[in-house]
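Student: I would like a close look at a single part of this model, the surroundings of its ligand. Please take me through them in one connected account.

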Amino acid sequence: MAEPPPGRGPEGRGEGQSGLGLYVHWPFCLSKCPYCDFNSHVRETIEQARWRAALLRELEHWAAACESGAGPRRLASIFFGGGTPSLMDPGTVAALIDRARALWPHGPDLEITLEANPTSVEAGRFAALAEAGVNRVSLGVQSLDETALRFLGRRHSAAEALAAVALARRSFPRFSFDLIYARPGQSAEAWRDELGRALDEGPEHLSLYQLTIEENTPFHGAWRRGELQPLDEEAAADLFDETQQRLEAVGLPAYEISNHARPGAECRHNQLYWRYDDYLGVGPGAHGRLTLDGRKLATRQHRAPEAWLAAVEAEGHATRTRQPLDPVQRLDELLVMGLRTREGIARAAFRREAGAEPEALFSGRTLEQLQEAGYLALDAAGLRATAEGRRRLDAVLRHLAAGQRPAAEAAKAPA
Amino acid sequence: MTDLSHIRNFAIIAHIDHGKSTLADRMIQLCGGLTEREMKEQVLDSMELERERGITIKAQTVRLRYEARDGKVYTLNMIDTPGHVDFSYEVSRSMKACEGSILLVDASQGVEAQTLANVYLALEHDHEIIPVLNKIDLPAAEPLRIMEQIEEVIGLDTSDALMISAKTGKGVAEVLEAIVKRLPPPAGDAEAPLKALIVDSWYDSYLGVVTLIRVMDGRIKAGTKIRMLGTRAVHDVTEVGIFGPARKKVAELGPGELGYVISGVKDIADAKVGDTVTDERRPCDAPLSGFKPSIPVVFCGLFAADTAEYEDLRDSLGKLALNDSSFVFEPEVSPALGFGFRCGFLGMLHLEIVQERLEREFDLDLITTAPSVVYNIHLRNGAVEQLHNPSDMPDPTRIEFIEEPWIKATILVPDEFLGAVLKLCEEKRGIQQELTYAGSRAMVVYELPLNEVVFDFYDRLKSVTRGYASFDYHLIGYREGDLVKVSILVNNEPVDALSLIVHRNLAEPRGRALCAKLKELIPRQLFKIAIQAAIGGKVIARETVSALRKDVTAKCYGGDATRKRKLLEKQKAGKKRMRQFGNVEIPQSAFLAALKMDAN
Ligand SMILES: Nc1nc2c(ncn2[C@@H]2O[C@H](COP(=O)(O)OP(=O)(O)OP(=O)(O)O)[C@@H](O)[C@H]2O)c(=O)[nH]1
Ligand SMILES: C[S@@+](CC[C@H](N)C(=O)[O-])C[C@H]1O[C@@H](n2cnc3c(N)ncnc32)[C@H](O)[C@@H]1O
Ligand code: SF4
Ligand SMILES: [Mg+2]
């Protein structure tokens, strides 16, 4: 698979960042899927008006925090995630978008994504959501196989999901959908067929996640009890390789481990995470990264919906963590996020986050070994993981962490 | 204080897994020691490791209040003992605190190695023994045949033996009655000067040092100024009490009673197990005989992975040794690992348990070197060095000869397994001394090199005799041996902690087996891993672990930056422990498991 030529990609963005992201978390779902460890909860009733007011208030809070930093920022993206944000009152979505637009300068290319579950109920709201300003939807199709949808505890059929995809195509300028594969017992043929039907929809963006057994989920319990047998490493690796090759061939290369897009159709919001740019987190459990006067803050809001609501109503925000990150932590996060992408990490980002060139940050032959093994590539543009390296990224990251130089030493070392 | 005639002290003894702790559960229930809600299976196995492994490691004492059928209320002090041979020191200490034993025998399995060993211990202490057949609820139970076996093999009269199921509770009430009727009450004089035996002591993070004593004569209560006859330490008692099994303060402890004492003991070395406690103001004349010191047979080096934790390690070892007097340690310096301790254990399970307790209870990250016995290295220059650690073996050109420890082992085994036992002993370089028969059982005496015995001999013996062998041994001295060091290299780097000293004739097969075992134990990693065994510069075995194919988190969004960073931070903290060799992370389990493999 062709790697991008040196010089393309992140280096072009210079020392600064490409813009600010805004993430809004909606923590409710109609039911809880057995594989899901996201901050999502099932509630009988939701006081939409209170939630709207609180989300707006916390947005104002973070906007004020931004002001105290250096100069106005350009807003590049808004992302409504969940939970199931397609169940939000479209009026709330509209109010948040309007407010954000008023708070920050932005261009006509402002990306506004909303995660939607592909049931008919939610599809019925697409027009209103588009009207509110949403210009991209990401649909949680998960599978096109009825048995698999039941296994995954989904509330929609494959036909319903495809209808939602068709409606999304008509309602929004851009759309994407998610599939979960490498499911227990899934054969290569079955996945080939399912993926083929997904590609028939002609998406310009697809997220293809291998099933992960997350702690504290019903799937994890079933796995511990031996009732659920995940696909073994070899089979999962084969499926991954085949998927990568096929999507590359149809013009949807992976720009990140699990995300595929026609070049130019990448999700800018997620790219902002992987490039380790700043983003604000509004809503229960939302995380943020905010650089103020050269210091990068890691922020997180209260996870529990009711506690979050009460805190915002009382204090204007429900911030639980607001921790300045040291250069070592910033380097860790930069690597964790940046090496997931095909473009990799620009040298400028290493200087910005860790204060040194990559060569100075690792001791001994750490980088050389990983390059010789064909897992990493280091050049004038920056550091990136090769396809082989990305497939084993967690192990590569552990190896890099073990080979990191102590911070003080790295700062002294000639770049 | 309880009237002597209303006290009964007893230990429950048996082979491993014959149901001692389960019987203890039932007796606690019958005597109302715990409510239904507080009760759980093997409630006395309170240590996390005991619960996980389903075995008893520490003996536990409980005082029960029993209303007998004669209408009188008795105080029973019950000690639940461990069955595994590595912890037999716990059993022998418990014996000194009691007048009788309940000998439990699994009615489906019959007499096994530790049944015999523990009966001998009880007889040595003049215990009255009540034989009890357990697990009669099992379809495979054959109580009558097992009773015959007990008479034949042990020579115990079984006409009064009881048949019970500790699991269902059937027959347990009769056990309590038999204890009251058949076991003698303790003797002692409440008016004589205080004389008590320290049976156990341990460190409790709330209470400090807690000491379990058996009072022989006199009384002890809060305010008593006590003196330890051995260490000469003097302290004021702040509290005395009992375990029922919950800790409960009492006014005083008198003759025949078992209970705990909390005093101002700060230095744990002051409360030595086996020492005699007396009243400083009115001391007793002579100390009690104490306990025979245990002889450690396996040694290994323990080092803190983070050198800054050296002091913590020393403190923790001290606290653990207080709780486990059969474990010894002394400081050691290793060129590769820095300051640490050379520790001695009663066997491999004991070693494993101590290592795990240190890691869990004291939150230490340890490096454990490969277990070894002690060799005498005679150098060409006339000097003699003691070698505890294979990695410190001097260059062969400097060595005149090496001596290794030998033992005399006595094995009792039913006829049908005799052939297998003889074969095993020959394979372990044994020299046969005696072979005699007693009924359908054979007794064989062998001289064996200790290093062939400590690592897997028990396991092998148990498997070739299906548990029907009793094994006992003592050291007889050092003898010259043709020994070589087998080194293990991982990606061409020697891993000292895995090197072995083996007889030259066994070196090659042992090296091959170890490489194969390591291949199983080392998980696939980023790079291909080459494992080699070598003697001197000569490679005798080689295995390869291929690189892993896929290891990546499928989805990673804004919030995951924090989660993934924290994972890396945790890993970096653990990395200081040096289990990394030539880019390879070797799990600690590999070091122990590698030694416990079959030689062939
Ligand atoms: N069927 C049956 N199982 C029993 C009985 N008594 C004990 N067991 C089982 O035997 C196993 C061992 O019981 P423990 O009480 O832990 O044995 P132990 O003698 O204390 O073992 P160690 O302390 O490790 O020597 C457990 O699984 C018990 O449930 C019984 O009467 N009947
Ligand atoms: C925020 S989640 C869910 C969005 C939306 N509520 C839905 O269910 O469609 C985003 C995506 O992560 C993926 N995902 C969630 N849990 C996963 C797991 N355990 N393994 C693999 N993918 C998972 C699913 O494809 C899901 O659509
Ligand atoms: S997968 Fe989506 S719908 Fe299912 S519980 Fe998670 S957030 Fe809710
Ligand atoms: Mg037990």
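Student: In which helix of chain B is Lys20(B) found?

Tutor: This is a predicted model, in which local features need pLDDT of at least 70 and side-chain atom pairs count only at pLDDT 80 or more, while totals for chains, interfaces and linings use all residues. Residues are numbered from 1 along each chain as its sequence is written, and chains are lettered from A and ligands numbered from 1 in the order in which they are written. Lys20(B) is found in helix α1 of chain B, where helices (H or I, at least four residues) and strands (E, at least two) are DSSP runs numbered from the N terminus. Helix α1, residues 20-30, gives the most to the shell around ligand 1, with three residues. That shell holds 21 residues, the closest being Gly19(B), Ser21(B), Ile55(B), Thr56(B) and Gly83(B); a residue is near a molecule if its C-beta atom, placed from the backbone, lies within 6 Å of it.

Lys20(B) counts as buried because it has 27 C-beta neighbours inside 10 Å, the cut-off for buried being 20 or more other C-beta atoms within 10 Å of its own, with C-beta atoms placed from the backbone. Leaving aside residues up to four places away in sequence, Lys20(B) touches, among others, Thr56(B), Gly83(B) and Leu104(B), contact being defined as C-beta atoms, placed from the backbone, that lie within 7 Å.

Terms used: A residue is buried if 20 or more other C-beta atoms lie within 10 Å of its own, exposed if 12 or fewer, and partly exposed in between; C-beta atoms are placed from the backbone. Two residues are in contact if their C-beta atoms, placed from the backbone, lie within 7 Å.
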